[in-house]
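Please walk me through this structure in plain steps. I am new to reading models like this one.

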Amino acid sequence: MAEALAAIDSSRAHLDPDYPRFHVAPPIGRLNDPNGLVVVDGTYHAFYQFGPFFPARRLIYWGHASSTDLLQWQTHAPAIAPSSWYDRSGVYSGGAVVADGTVWLHYTGNVKDADDRRSSYQCAVTTDDLATFVKHPANPLIPSPPPGYTAHVRDPQIIDDGDGYLMLLGAQRADETGCILAYRASSLDSWEFAGELTFPGVDGLDRFGYMWECPNLLRVPDEQTGAIRDVLIFCPQGIDPVGDGFVNIFACGYMVGRLDGTVFHTEGDFIELDRGFEFYAPQAFRAPSGEAPVLLGWVGNASEDDQPSLRDHGWVHVLSIPRTLTLRDGVLRQRPAVDAEPARALALQGTTVGADPVVIDELTGATSYWLTLEVEPEASAWELTLAGGGDSRVALTFRPGEMTVDRSATRYPHGGRRTLALDMPARVRVDLIHDRSVTEVFVDDGRIAFSMRTFLAPGERTLSIAADAGLRVVAARVGLLG
Ligand code: FRU
């Protein structure tokens, strides 16, 4: 741990103009999945996969940040170090559960031997003060995968379902297809294999990618009926794109339904959670019964670490803005959960925009903000352009039935342009969260989320809007967040 703390101390990452102001980012090195999300006494604790020595070494710890408003995050010392025989090659992802005032963080201990052969051990640490984390003396709590599965078994998520505890694990069958395993326990240190999750009536899920990572079962309220549904999120690796969807290196999606034992009764398709260039491995803070859970995802992709922030300032990747999740017509709505709802009306509000780009003066020079627009596009194409120094820019173009995001004129090397088919209502709400080098777009009141890194060139930042025919801007508001 001392070596990780020294690396953090030596870091100058926070001086980087690309370092976000209100997104969780690593104090140095690499961040990937959010882990162990838990709220204790009104404070949100977000742990995350943290490689303090990256890119020299890939060794993974659990990093730790906390916040009372989901906007300002404080960095703490790493919570779990890869210091035991059962986690010595990395403390991999997992989830939190609170029992009798003690927070349990389950994780996967990853071990690679001299021949690069992998073992996976399901383990736990406990903490009573969120400052001292004690590895459980009985670790590893699950020492080996059940027969019929490979060593790719990881990412425990624990659910207290009233009848005891359920653990879901991402896994790979011996025939190299992906699945989710379930274990049950009445006490958190004693797990019994309960079987594989099954999906009766759904074709193709038994051969859907070679490995499923990061399963999460959430209870999500339907915003029209108040009914609570189970939403099962998972990340299948190795599936084919479907039309313009699932095109990132690994996919992340969800199914709505009801879990009964190990049987998941689905009520719809596997839907991509976020349509952006970068998004993976999300998990959520558990909400009190009936309330909307708050999700955080990794705005990054495996193998896309070659980024300007790493080269120049020694850090890479961020977590998404926290998002409240509700359901509407069987589809998740994701809305920024931070308490900074745009309140300041812009001069643009109430105007009609034409072909001459209108620069939103109030945002000139701003690098971190939340913009809300409500527009009535009728048949017109319209465009929002986020520009930085030189001619760097990111353009969002909305045409009837589709949206195109073009970030080819940025410093970011991984993927330039993407078009999605998108039906939109006559009046559409678009929320744009921009925070220095990360941008999240929520279209149609949270129905489509689109996350991406937007490394604009240094220089004054502007946001402008233009349309080929008159675009009525019913509402235009901003919250300057950081
Ligand atoms: C997902 C993942 C997890 C694993 C972790 C390792 O991004 O591959 O399955 O636990 O990252 O950092």
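**A buried strand and its neighbours**

Seven of the eight residues of strand 12 (residues 178–185) are buried, so the strand is largely enclosed by the rest of the structure. Buried means under 20% relative accessible area, exposed means over 50%, and partly exposed lies in between (1.4 Å probe, protein chains only). Strands here are DSSP runs of E with at least two residues, and helices are runs of H or I with at least four; both are numbered from the N terminus.

This is a predicted model: local features need pLDDT of at least 70, side-chain atom pairs count only at pLDDT 80 or more, and totals for chains, interfaces and linings use all residues. Residues are numbered from 1 along each chain as its sequence is written, and side-chain values use heavy atoms, with hydrogens and water left out.

Now look at the partners of strand 12. Strand 11 (residues 165–173) runs antiparallel to strand 12, and eight bridges join them. Two strands pair if DSSP finds at least two bridges between them. Gln 172 has Gly 178 in strand 12 as its bridge partner. The two strands form a hairpin with four residues between them, and Glu 176 in the turn has a positive phi of about 60°. Strand 13 (residues 192–196) is also antiparallel to strand 12, with four bridges. There, Arg 184 stands opposite Glu 192. Strand 12 and strand 13 form a hairpin too, with six residues between them.

Next comes the ligand. Which residues surround the ligand? They are Asn 32, Asp 33, Gln 49, Ile 60, Tyr 92, Ser 93, Arg 154, Asp 155, Glu 213, Tyr 280 and Trp 298. A residue counts as near a molecule if one of its heavy atoms lies within 4 Å of it. This shell divides into four nonpolar, three polar and four charged residues. Ala, Val, Leu, Ile, Met, Phe, Trp, Tyr, Cys and Pro count as nonpolar, Asp, Glu, Lys and Arg as charged, and the others, Gly among them, as polar.

The distance is 2.7 Å for Asp 33, 2.9 Å for Arg 154 and 2.5 Å for Asp 155. A polar contact is a pair of N or O atoms within 3.5 Å; within protein, one must be able to donate a hydrogen and the other to accept it, and residues adjacent in sequence count only if both atoms are side-chain atoms. The protein covers 89% of the 310 Å² of accessible area that the ligand has on its own. Such areas come from the Shrake-Rupley method with a 1.4 Å probe; for residues, only the protein chains shown count as cover.

The structure holds 23 aromatic pairs. Rings of Phe, Tyr and Trp (its six-membered ring) pair if their centres lie within 6.5 Å; planes under 30 degrees apart count as stacked, over 60 as edge-to-face and the rest as tilted. Tyr 280 and Trp 298 form an edge-to-face pair, 6.4 Å centre to centre with 70° between the planes. Tyr 280 lies in strand 19 (residues 280–285) and Trp 298 in strand 20 (residues 294–299), so the pair ties together parts that are 18 residues apart in sequence. Both residues are buried.

Finally, check the backbone. Asp 41 is not a glycine, yet its phi is positive, about 50°. Asp 41 counts as exposed, at 77% relative accessibility. Cys 214 also has a positive phi, near 50°, but Cys 214 counts as buried at 6% relative accessibility.
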